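Please open the structure in a viewer and keep the sequence panel beside it.

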Amino acid sequence: MPHWICLACAVEHPETPDPPLECAICLDERQYVPRSGQAWTSLERMSADGVAIELSEPEPNLFGISASPQIGIGQRSLLITTTEGNVLWDPVGFVDAASAEKVRRLGPVVAIVASHPHMFGAQVSWSRALGDPPVYVAEADRDWVRRPDAVIRFWRDDLEVVPGITIRAIGGHFPGSAIAYWRDGADGRGVALSGDTIFPGPSGKWVTFMRSFPNQIPMSAAVVDRVATSANAHPYDRMYGNFGNVIDADAMAVVRRSADRYMSWVSGEFDVLT
Ligand SMILES: [Zn+2]
Ligand SMILES: [Zn+2]
């Protein structure tokens, strides 16, 4: 039976003879069903169409994993390699034997984590292809799992998935939206993988926070304050988003400064005439 993948968001659904009728993730106000309607592909079809995984190395021991041609939202997954095992973050919605082998060559994956449901991708299929490492899903986002499986482990608050890598559910974009903190990243200054829980902007000097990126729905000042404060509970210097976007240095201060600016705009403290 085909492994169904939503064409718009690239989140996997259970194996069934026919595709699902709808994708709940795309029906939600944070995503969208394209004007052309709900459509599906499958891992098998993508493989036959020549979709492949491409690797990059943004910094030592950190690898980017992208599908080419782009699928779904087009995220770049990240893989942190450590001597205790590797962590796959925001898995793309495509995997086959050849792509799994590329990732295996970088060492054993011991944890798969998505920052939030838009980034679930083919997380269970990735686990199957990599020897069944656990797939961590934030307890608060439990109901968004489209493909339930025994490899999924629900978690909350802070969890050290391997020594030196801690995931933290800070909420905002989704109730369980998470950040991963990599202690040894950025030459030991610390890295945060933020998905789009916090979104690094193009200048590398500001970030933003959104309930919905495609539909441009903002958050309240109170939620942005809470998210920024919670993000800075652990130290980091560099922040990577889920599209190759990055704050190279001083990212904790960037997050705070950006939150303060955002709060001023959405609370009416700033005026468009200033
Ligand atoms: Zn979808
Ligand atoms: Zn999202």
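Begin by selecting strand 12 and strand 13 (residues 178-182), which pair in the antiparallel sense over five bridges. Here helices (H or I, at least four residues) and strands (E, at least two) are DSSP runs, numbered from the N terminus, and two strands pair if DSSP finds at least two bridges between them. Within this pair, Ala169 stands opposite Ala178 of strand 13.

The model is a predicted one, in which local features need pLDDT of at least 70 and side-chain atom pairs count only at pLDDT 80 or more, while totals for chains, interfaces and linings use all residues. Residues are numbered from 1 along each chain as its sequence is written, and chains are lettered from A and ligands numbered from 1 in the order in which they are written.

Keep strand 12 selected. A residue is buried if 20 or more other C-beta atoms lie within 10 Å of its own, exposed if 12 or fewer, and partly exposed in between, with C-beta atoms placed from the backbone.

Asp158 has Arg168 of strand 12 as its bridge partner. Two residues lie between the strands of this hairpin, where Gly164 takes a positive phi near 95 degrees.

Now extend the selection to the open sheet of six strands, whose order is 11-12-13-14-17-18, with mixed pairing. Its edge strands are strand 11 and strand 18 (246-247), each of which pairs on one side only. For a parallel pair, select strand 14 (residues 191-195) and strand 17 (residues 238-241), which are linked by four bridges. There, Val191 has Arg238 in strand 17 as its bridge partner.

Select Trp89, which lies in strand 7 (residues 86-89). Trp89 counts as buried because it has 28 C-beta neighbours inside 10 Å. Which residues does Trp89 touch, not counting residues up to four places away in sequence? They are Ser77, Leu78, Val113, Ala180 and Leu193; two residues are in contact if their C-beta atoms, placed from the backbone, lie within 7 Å. The C-alpha atoms of Trp89 and Val113 are separated by 5.0 Å, although these residues are 24 residues apart along the chain.

Move to Val113 itself. Leaving aside neighbours within four places in sequence, Val113 is in contact with Val87, Trp89, Tyr136, Val161, Ile167 and Ala180.

Then display the largest nonpolar core, which has 76 residues; Phe94, Val113, Ala180 and Leu193 have the most contacts inside it. A nonpolar core is a set of buried Ala, Val, Leu, Ile, Met, Phe, Trp, Tyr and Cys residues joined through C-beta atoms within 7 Å.

**Two packed helices**

Select helix 5 (residues 221-231) and helix 6 (residues 251-266), whose axes come within 9 Å and cross at roughly 175 degrees. Axes are lines fitted to C-alpha atoms, for helices over the stretch in contact, and angles run from 0 to 180 degrees between N-to-C directions. Helix 5 and helix 6 are therefore roughly antiparallel to each other, a description used for angles over 145 degrees. On the helix 5 side, Ala221, Val224, Asp225, Ala228 and Ala231 meet Val255, Arg256, Ala259, Tyr262, Met263 and Val266 in helix 6.

Select Asn61, in the loop between strand 4 (52-59) and strand 5. The phi of Asn61 is near 70 degrees, a positive value in a residue other than glycine. Asn61 counts as partly exposed because it has 17 C-beta neighbours inside 10 Å.

Continue to Pro69, in the loop between strand 5 (62-68) and strand 6 (77-80). The peptide bond from Ser68 to Pro69 is cis, with omega near -5 degrees.

Finish at Gln216, in the loop between strand 16 (207-208) and helix 5. Gln216 is not a glycine, yet its phi is positive, at about 50 degrees. Is Gln216 buried or exposed? With 8 other C-beta atoms within 10 Å, Gln216 is exposed.

Technical notes. Parallel < 35°, antiparallel > 145°, perpendicular 65-115°, else oblique.
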